[in-house]
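Here is a colleague's note for someone opening this entry for the first time. Please keep the sequence and the structure in view while reading the numbered points.

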Amino acid sequence: MAPLFRQAGPDDLESIIALDRSVRTAPDQPEHAADWLEPSAEVALRAWVEAGECHVAEERGSIAAFAVLHNHFFHDPIIDLLIVGAPWRRMGIGSGMVRYLATVCRPPKLWTSTNLSNQPMQALLAREGFKMSGFIEGLDEGDPELIYMKLVPSEAPNR
């Protein structure tokens, strides 16, 4: 059964917060991961859900992943955040979420970023047709942020 990709609603917030916390504090994450939405990850996540900017991948009744998509990157859409729970990694859910977001974003450009240390995300973005556009130093000490862009067709089915 394929995951259901959809816009998050208020009923999803508790699961999104729990998933976020479990990933940020996992031992496989870089040290700076625990800080990225502090002091209040819950406030940021609630605001994204309320604004309609948070999307989820539901697998067998559970939130397996969530992502934040908004138009605040030089007025272009950007995948600000993509979190896949540990039990659902390497199953195509992250790629599926990126493809889903490409169908609901405003064309022609879709942006995202990831740390230099996040090689799985870099591989996912390469598979999904994103090209590296540059990098930013200083966001996370010693771990530059790589910026990626993909052209998305304006005739995508869900627009």
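1. Aromatic pairs. The model discussed here is predicted, and the count of aromatic pairs in it comes to three, where rings pair if their centres lie within 6.5 Å. One of these pairs is formed by F73 and F74, whose rings are 5.1 Å apart centre to centre, with 85 degrees between the planes, an arrangement that is edge-to-face. F73 also pairs with W111, again at 5.1 Å centre to centre but with 50 degrees between the planes, and this pair is tilted. F73 lies in strand β3 (residues 62-73) and W111 in strand β5 (residues 109-115), so the pair ties together parts that are 38 residues apart in sequence.

2. The ring cluster and its surroundings. Taken together, F73, F74 and W111 are linked by ring pairs into a cluster. F74, by contrast, is exposed, with a relative accessible area of 70%.

3. Most residues other than glycine have a negative phi. F74, however, has a positive phi of about 50 degrees although it is not a glycine, and H75 likewise has a positive phi, of about 70 degrees, without being a glycine. H75 is exposed, its relative accessible area being 65%. A reader checking the backbone may wish to look at these two residues together.

4. A cis peptide bond. Most peptide bonds are trans. The bond from P107 to P108, in contrast, is cis, with omega near 10 degrees. P108 is placed in the loop between α3 (93-104) and β5.

5. The pair of helices α1 and α2. How do the axes of helix α1 (residues 13-24) and helix α2 (residues 41-50) cross? They come within 10 Å and cross at roughly 135 degrees, which makes α1 oblique to α2. The crossing of these two helices is right-handed. On the α1 side the contact involves L13, I16, I17, D20, R21 and R24, which meet A41, E42, L45, R46 and V49 of α2. Sorted by class, this contact has six nonpolar and five charged residues, and no polar ones.

6. H55 in strand β2. H55 is found in strand β2 (residues 54-59), and it counts as buried, because its relative accessibility is 6% and the cut-off is under 20%. If neighbours within four places in sequence are left aside, H55 is in contact with R6, Q7 and A8, with A65, F66, A67 and L69, and with M97, Y100, L101 and V104. The C-alpha atoms of H55 and G9 are separated by 8.5 Å, although the two residues are 46 residues apart along the chain.

7. P77 in strand β4. P77 has its place in strand β4 and is buried, with a relative accessible area of 1%. Apart from neighbours within four places in sequence, the contacts of P77 include L69, H70 and N71, C105 and R106, and also K109, L110 and W111. The C-alpha atoms of P77 and A102, 25 residues apart along the chain, are separated by 9.4 Å.

8. The loop between β6 (131-136) and β7 (145-151) contains L139. L139 counts as exposed, because its relative accessibility is 55% and exposed means over 50%.

9. The protein as a whole. The secondary structure comes to four helices and seven strands, and read along the sequence these follow the pattern β-α-α-β-β-β-α-β-α-β-β. Of the 159 residues in the protein, 48% are buried. Among contacts with a separation of 6 or more, 61% are accounted for by residues 24 or more positions apart.

Technical notes. Residues are numbered from 1 along each chain as its sequence is written. This is a predicted model: local features need pLDDT of at least 70, side-chain atom pairs count only at pLDDT 80 or more; totals for chains, interfaces and linings use all residues. Side-chain values use heavy atoms; hydrogens and water are left out. Axes are lines fitted to C-alpha atoms, for helices over the stretch in contact, and angles run from 0 to 180 degrees between N-to-C directions. Angles under 35 degrees count as roughly parallel, over 145 as roughly antiparallel, 65 to 115 as roughly perpendicular and the rest as oblique. A crossing is left-handed if the near helix is turned anticlockwise from the far one by less than a right angle, and right-handed if clockwise. Contact means heavy atoms within 4.5 Å. Ala, Val, Leu, Ile, Met, Phe, Trp, Tyr, Cys and Pro count as nonpolar, Asp, Glu, Lys and Arg as charged, and the others, Gly among them, as polar. Rings of Phe, Tyr and Trp (its six-membered ring) pair if their centres lie within 6.5 Å; planes under 30 degrees apart count as stacked, over 60 as edge-to-face and the rest as tilted. Buried means under 20% relative accessible area, exposed over 50%, partly exposed in between (1.4 Å probe, protein chains only).
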